[in-house]
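Hi,

Here is the structure I said I'd pass on.

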Amino acid sequence: YNRPIFMAAGLIDAAVPIPAPLSLAAQLAANNQPLTFVTYPDEGHSGTLLTSMRDSTPFLARIMR
């Protein structure tokens, strides 16, 4: 990829269990992709979306300058 990637994962997500995003993040990192990966220990699927906004909003503001 030639654009920054923000990926958020909730550690108690039942819809997308944590091994899947961890594996994808590891593959992206191994290929030197521009990844910001953040985990949220107490969040499930929907909660991660809302909670991650505190991190994803500044991320987007920074890359959209």
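**What I found**

F6 comes out at 22% relative accessibility, so it counts as partly exposed (buried is under 20% relative accessible area, exposed over 50%, partly exposed in between, with a 1.4 Å probe and protein chains only). Before the rest, some ground rules: this is a predicted model, where local features need pLDDT of at least 70 and side-chain atom pairs count only at pLDDT 80 or more, while totals for chains, interfaces and linings use all residues. Residues are numbered from 1 along each chain as its sequence is written, and side-chain values use heavy atoms, with hydrogens and water left out.

Back to F6. The structure holds 1 aromatic pair, where rings of Phe, Tyr and Trp (its six-membered ring) pair if their centres lie within 6.5 Å, and planes under 30 degrees apart count as stacked, over 60 as edge-to-face and the rest as tilted. The partners are F6 and F59: their ring centres are 5.3 Å apart and the planes sit at 50°, so this pair is tilted. It links distant parts of the chain, with F6 in strand β1 and F59 in helix α2, 53 residues apart. F59 is buried, at 5% relative accessible area.

As for the fold, the chain has 2 helices and 2 strands (DSSP runs, numbered from the N terminus: helices are H or I with at least four residues, strands E with at least two). From the N terminus on, they run β-α-β-α. Of the 65 residues, 25% count as buried. The C-alpha atoms fill a box of roughly 30 × 25 × 15 Å along the principal axes.

Helix α2 also holds T51, which is buried at 18% relative accessible area. Leaving aside neighbours within four places in sequence, T51 is in contact (heavy atoms within 4.5 Å) with Y40 and E43.

Cheers
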